[in-house]
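Student: I've never looked at this one before. Could you walk me through it with a few questions and answers?

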Amino acid sequence: MAISSQCPYCLEVHVTQAKKAGASKAQIAEAVMVAAGLGAGAAVTHGTMAVRIFDEA
């Protein structure tokens, strides 16, 4: 939802918490592609941001 709503603050919280809960980068990337597949507008660019946040968390 954070990707499809394009909310950078939500993205920061959810990706960081997902990583703490054990999510892999591949799982974050899969969520990005699901959002993109659902016609989520700028999901791919925000997905790139999600992967960067994952690396920095």
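This is a predicted model: local features need pLDDT of at least 70, side-chain atom pairs count only at pLDDT 80 or more; totals for chains, interfaces and linings use all residues.

Tutor: Residues are numbered from 1 along each chain as its sequence is written, and side-chain values use heavy atoms, with hydrogens and water left out.

Student: How much space lies in the largest pocket?

Tutor: A pocket here is an open set of points on a 1 Å grid over the protein atoms alone, where a 1.4 Å probe fits, with protein on both sides within 12 Å along at least five of seven lines. Points are joined across faces, edges and corners, and the volume is the space filled by probe spheres set on them. For the largest pocket, that comes to about 200 Å³.

Student: Which helices each supply at least two residues of its lining?

Tutor: Lining residues have an atom within 4 Å of a grid point, and they include Met1, Leu11, His14, Gln27 and Ala50. Helices are DSSP runs (H or I, at least four residues), numbered from the N terminus. Those that each give the lining at least two residues are H1 (2-5), H2 (8-20) and H3 (25-37).

Student: Is isoleucine 53 buried or exposed?

Tutor: Isoleucine 53 sits in helix H4, and beyond its neighbours within four places in sequence, its contacts (heavy atoms within 4.5 Å) are Leu11, Glu12, Val15 and Thr16. Buried means under 20% relative accessible area, exposed over 50%, and partly exposed in between, using a 1.4 Å probe and protein chains only. Because its relative accessible area is 2%, isoleucine 53 is buried.

Student: How far is the polar side-chain atom of threonine 16 from the backbone oxygen of glutamate 12?

Tutor: Threonine 16 lies in helix H2 and is buried at 17% relative accessible area. Not counting residues up to four places away, threonine 16 touches Leu11, Ile53 and Ala57. Its side-chain polar atom and the backbone oxygen of glutamate 12 are separated by 2.7 Å.

Student: What separates the C-alpha atoms of valine 32 and valine 15?

Tutor: Valine 32 belongs to helix H3, and its relative accessible area of 5% makes it buried. Valine 15 is 17 residues away along the chain, and the two C-alpha atoms are separated by 11 Å.

Student: Is threonine 48 buried or exposed?

Tutor: Threonine 48 is in helix H4, and its C-alpha atom is 8.4 Å from that of alanine 29. Glycine 47, also found in helix H4, is buried at 3% relative accessibility. Threonine 48 has 53% relative accessibility, so it counts as exposed.

Technical notes. A polar contact is a pair of N or O atoms within 3.5 Å; within protein, one must be able to donate a hydrogen and the other to accept it, and residues adjacent in sequence count only if both atoms are side-chain atoms.
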